[in-house]
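Dear colleague,

I am handing over the structure below, together with notes on what was found in it. Please read the notes beside the model.

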Amino acid sequence: MKYDFAAIESKWQKYWDEHRTFHAENDYTKPKYYALVEFPYPSGEGLHVGHPRPYTAMDIVARKRRMQGYNVLFPMGWDAFGLPTENYAIEHKIHPAIVTERNVARFRNQLKMLGLSFDWEREVNTTDPNYFKWTQWIFLKLFKAGLAYKKEMNVNWCTHCKVVLANEEVVNGTCERCHGEVIHKVKNQWMLKITDYAQKLLDDLDSVDYFEKIKTAQVNWIGRSTGAEVTFKTTLGDELLIYTTRCDTLFGATYMVISPEHPLIEKWADKLGNMDEVRKYQAEAARKSDFDRTEMNKDKTGVRLDGVMAINRKRQGNTDIHFRLCSDELRHGRDYGGSRARYARLGVREKVRSAYYRGR
Ligand SMILES: [Zn+2]
């Protein structure tokens, strides 16, 4: 027997629509079940395979719960503000609201064709003023509570998209989306003070039913660690601060690393024997993206600073430890949330992984 999907599927999709089969009533006699999936960004291309994957999984759960007698709320919506839409609108001289409306219609139609059991009467759209008046309301609440603040930040800036990119969106110094040139730019940015909640976020991971590897990823992202700041004297008199979670390893430190942008380098310039080499290295490092400079990059490079040492009082006989510039150090002066880029880093032979590399 041939499965005539065009006839069978459209018949049932029509029936579900007409009978409001998946509508969540405000019925308080039944147990409640809220099935929520991440709302898609309605791009001009329509759905890609990454969309139906989680929607199908959650659809199975929602359908099973309905059969078990639950009052299931399974909504769909559109995370519809987006730069691709704005750029498309500029390029084709169409109002972004029209572009968004078209894209949403396409997505909705495709999701209906997949037979997913969303309650379409509860569709939300982030570009709807009735929706975003609430996100604005939330923002004002955060602002009044001191949890939203402005800060000058060195950011990745795509010269083509004219937008700030996350480190992950910069690939080989270019924009992941348009391959345009990415430069560093100081911008006044709105920040949310999520760090105030680091401990609560960690504690509450105990109360959720996540896979262990997801929990570990969350812990790394939150990046909270308990450690100590330790001051090291240098042979040129200036002091450097490091952060460590392992004070018991201080005695073994054999070198100290600072970023190529560290302000002490300028101060030390006329005392360093290899300033030409240092300048050359600084110029190379400036051209690298932050991503290339992090631990993801396995090719470590560096220049030893000739003429200055740090004094390790924990080491027998006050052995001096030499300095290196290292471009895989976090960019100095840039805020990584925890702002740990201001620290120098201690090294023990080659294999040191500092806690402050992670996440924030
Ligand atoms: Zn771009």
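Cys158 stands opposite Val163 in strand 6, in a predicted model where strand 5 (148-158) and strand 6 (163-165) run antiparallel and are joined by 3 bridges. Strands here, like helices, are DSSP runs numbered from the N terminus, with at least two residues (E) for a strand and at least four (H or I) for a helix, and two strands pair if DSSP finds at least two bridges between them. Residues are numbered from 1 along each chain as its sequence is written. As this is a predicted model, local features need pLDDT of at least 70 and side-chain atom pairs count only at pLDDT 80 or more, while totals for chains, interfaces and linings use all residues.

The hairpin of strand 5 and strand 6 has 4 residues between the strands, and within it Lys162 takes a positive phi near 55°. Most residues other than glycine have a negative phi, and Lys162 is not a glycine. Lys162 is exposed, with 11 other C-beta atoms within 10 Å; the term means 12 or fewer such atoms, whereas buried means 20 or more and partly exposed lies in between, with C-beta atoms placed from the backbone. Asn172, in the loop between strand 7 (170-171) and strand 8 (174-175), also has a positive phi, near 50°, and Asn172 is likewise exposed, with 11 other C-beta atoms within 10 Å.

Strand 5 also pairs with strand 9 (residues 182-192), in the antiparallel sense and over 11 bridges, and there the bridge partner of Asn156 is His184 in strand 9. Another antiparallel pair is formed by strand 10 (residues 228-234) and strand 11 (residues 239-244), over 6 bridges, with Thr231 facing its bridge partner Leu241 in strand 11. The hairpin of strand 10 and strand 11 has 4 residues between the strands, and Gly237 takes a positive phi near 100° in it.

Turning to the chain as a whole, the protein chain has 9 helices and 15 strands, and 18% of its 360 residues count as buried. Among its contacts with a separation of 6 or more, 67% are between residues 24 or more positions apart, a contact being two residues whose C-beta atoms, placed from the backbone, lie within 7 Å.

The largest nonpolar core has 10 residues, including Phe22, Ala35, Val72, Phe74 and Phe118; such a core is a set of buried Ala, Val, Leu, Ile, Met, Phe, Trp, Tyr and Cys residues joined through C-beta atoms within 7 Å. Apart from its neighbours within four places in sequence, Ala35 is in contact with Met58, Val61, Ala62, Val72 and Phe74. A second, separate core has 7 residues, among them Met256, Val257, Ile258 and Ala310.

Finally, a word on confidence. The protein chain averages a pLDDT (the predictor's confidence in each residue, from 0 to 100) of 81, and 83% of the residues score at least 70. Confidence is highest in strand 2 (residues 71-73), at a mean of 97, and lowest in strand 15 (residues 345-347), at 59. The pLDDT stays under 50 over residues 328-341, for which the model has 39 contacts beyond four places in sequence, and is below 50 over residues 348-360 as well, a stretch with 25 contacts beyond near neighbours in sequence. Where pLDDT is low, the predicted coordinates should not be read in detail.

With best wishes
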